[in-house]
Amino acid sequence: MGRHQSSGAQTGSVLRARLALLALLCSILVPLLLAGLRSVLWALVGIAGLALAAVGVWWTLAHTGALRVLGLVLSVTAPLTVLSLYSASGMLGPACLSLALWMLAVVSARTALAPPRAVAERVEAPHDPWLVMNPRSGGGKVERFGLVDKARAAGARVVLLDGHQDVVGLARQAVAEGADLLGVAGGDGTQALVAEVAARHDVPFAVIPAGTRNHFALDLGLDRDDPAAALQALTDGVELRVDLGFAADRVFVNNASFGTYASVVADPAYRDAKLHTTLRTLPGLLTGEDAPGLRIRAGPTHVGALQALLVSNNPYLRAVDAARPGRRERLDSGLLGVLGVRVANTAQAARLVRGARSGAVMRLRADEVVVDADTADIAVGIDGEYVVLPTPVVCRTAPGVLRVHVPRHRAGRPVTGAPADWRRVARLARAGLPRSRRRAPTAEPDADRERGGRPGGALRARGDGLG
């Protein structure tokens, strides 16, 4: 049966790879067939609009007064003008269709290259589970979903936080008293503290998504809209082995952010007035004397003059910003994800449309990253919690040290995907074709197989962007 399942999975990957290539080809042919060579001109118009919008966003964030107002206007009017020109010329429909096809191509490519997920085995229910719950997290989700009563009905000991207890001390005491599972109903910061105790004592850990964002729960496949469903891990669960990240001696389950975002979060006014505080402090952090000027070392890679840096526990598929960094393809790669940004002027902001080739954005994967600055201490946002650490800060990963129990049947779906490597997609798409229709297999092994099943595992650091 396992062989049939493996064969079926391989066939599905091949079909998705062929769909990806077909969609990619169609995304190019659609505008060419409908507009001929004029489509190249319209593509340049679209790129110019994106560049102007990027400049507008930069002026809005990095400056004050009239230039900020002009930037806000430009960031809105530039894309609207491009859409109006496309509509007037009859190119809006083809452009939208081409974009949709390109998105389909990328999604199909990522899922085609995704490694097969290990089948998690059902585990015995814990005899003495212990849960700590923060009644203030997520606007009162603990009370709203009746988590205390439901957890006790499942046989768990429950401790409610009042804001003054030592969470780490409580978790250690629970282990000393015989707890065979530690769990948290709260935010990512509290989860990280208890997760470290669980990993240190090799005790299973459970996540109840009762916080505001709960990125960790999202990537575990848990339903953040129904935190009570996660309690099924206490009675009908499976075990996953996941990594933990460390910034110096501080553990994180999601990410550690350095530079602008961490400095903004450090402002006491941030919690009550996030947007106003961000707009007030960013100009000084981006172009003024308060600009952080971060430096990193990751294996052979050395990069300086970074304004913002995000080090994540496993790489994100995409990164919108430090507060909403997207999704992780897996939590057991044994690697950190690193995203750095360096935009010092208007020209560099305009080049952001080139992505990794712009020279303003750096992405890499490494098992250890050293973050340094010209100051003795540096502000760090660890899973949303502000701390100050002495420089240099060594960030590292601890592969597979955390045993996480999750419900056997989860409503949410973990991310299944990998970066869209089009050479590998093409090789996969040719699989199964008659030999006369494809080249003989090359001696180059599959990238993941070469690294023992862990993407990037043979490399200490791999990246692109800020070279």
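Which residues is Leu182 in contact with, leaving aside its neighbours within four places in sequence? The legends below refer to a predicted model, in which local features need pLDDT of at least 70, side-chain atom pairs count only at pLDDT 80 or more, and totals for chains, interfaces and linings use all residues. Residues are numbered from 1 along each chain as its sequence is written, and side-chain values use heavy atoms, with hydrogens and water left out.

**View 1. Surroundings of Leu182.** Beyond those sequence neighbours, Leu182 is in contact (heavy atoms within 4.5 Å) with Trp130, Ala171, Ala174, Val175, Val194, Val197, Ala198, Val203, Pro204, Phe205 and Ala206.

**View 2. The largest nonpolar core.** A nonpolar core is a set of buried (under 20% relative accessible area, 1.4 Å probe, protein chains only) Ala, Val, Leu, Ile, Met, Phe, Trp, Tyr and Cys residues joined through side-chain atoms within 4.5 Å. Among its 52 residues, Met133, Leu147, Leu182, Val194, Phe205, Phe216 and Leu402 touch the most other members. A second, separate core has 26 residues, including Ala247, Ile296, Val380 and Val393.

**View 3. Packing of helices H2 and H3.** H2 (residues 38-62) and H3 (residues 65-88) pack with axes 6 Å apart, at an angle of about 160° (axes are lines fitted to C-alpha atoms over the stretch in contact; angles run from 0 to 180 degrees between N-to-C directions). H2 is therefore roughly antiparallel (over 145 degrees) to H3.

Notes
Helix = DSSP H or I, 4+ residues; strand = E, 2+ residues; numbered from the N terminus. Parallel < 35°, antiparallel > 145°, perpendicular 65-115°, else oblique. Buried < 20%, exposed > 50% of the residue type's maximum accessible area, 1.4 Å probe, protein only.
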